[in-house]
Amino acid sequence: MTQSQIFLLLGALSITNALKIAMISDLHVNPWYDPNVGNISFCASPKDRVAPYPAEPDVYAPLGRLGCDPPIELTRRFLNRIAEHNSDIDILVIPGDFVRHSICEELNEDDDPSLYELIKDIHIQFGQMFNEYFPDKIILPTLGNNDYKYHYEPPFGDTKDDFLELLYT
């Protein structure tokens, strides 16, 4: 569907009846979330450190912890709850930041191909979840500053075609 077709559809829908629009923002899923690791380590085992972790809590927190980006399970439950209790949503707007803070790299860092693959995997998981929980809804996602290979940088160079193909398939 082209942008013009989307706007025509939205215009037609708004004339015939009111639209119900929902917005979800800044999900920041943490693929490394560890329910046994506290927020002093951002709830993940740091990739450049090994156990033991400093002053970790005694509380097991499988659905997230204050001060940490959430695990995928919390996001699944959140989307499921929205879908169950708001079946009359017409449009779901998602203005980006699907990926945990600090996964995307800075331009001046050495590349870690595994991080880019992880970012792509998170986008694939979100696409699957949106199709599962909102199969008949118009979904308008955008990408945030944490959703690309490089922080605050849109895809370019060798990764541009690869990343855009991921998004449009």
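Here we go through some of these terms one by one.

Modeller: This is a predicted model, where local features need pLDDT of at least 70 and side-chain atom pairs count only at pLDDT 80 or more, while totals for chains, interfaces and linings use all residues. Residues are numbered from 1 along each chain as its sequence is written, and side-chain values use heavy atoms, without hydrogens and water.

Biologist: Why is Leu164 called partly exposed?

Modeller: Its relative accessible area is 32%. Buried means under 20%, exposed over 50%, and partly exposed lies in between (1.4 Å probe, protein chains only). So Leu164 falls into the middle class.

Biologist: Which residues of α4 are buried, and what puts them on the same side of α4?

Modeller: They are Thr159, Phe163 and Leu166. These residues cover an arc of only 55° around the axis, so they share one side of α4; the arc is that of the directions from the helix axis to the C-beta atoms. Asp161 and Glu165 are exposed on the face turned away from the buried side.

Biologist: And what makes β1 and β3 edge strands?

Modeller: The open sheet has the order β1-β2-β3 with parallel pairing. Two strands pair if DSSP finds at least two bridges between them. β1 and β2 are joined by three bridges. Both β1 (21-23) and β3 (138-142) have a single partner strand, so one side of each lacks a neighbour in the sheet.

Notes:
Helices (H or I, at least four residues) and strands (E, at least two) are DSSP runs, numbered from the N terminus.
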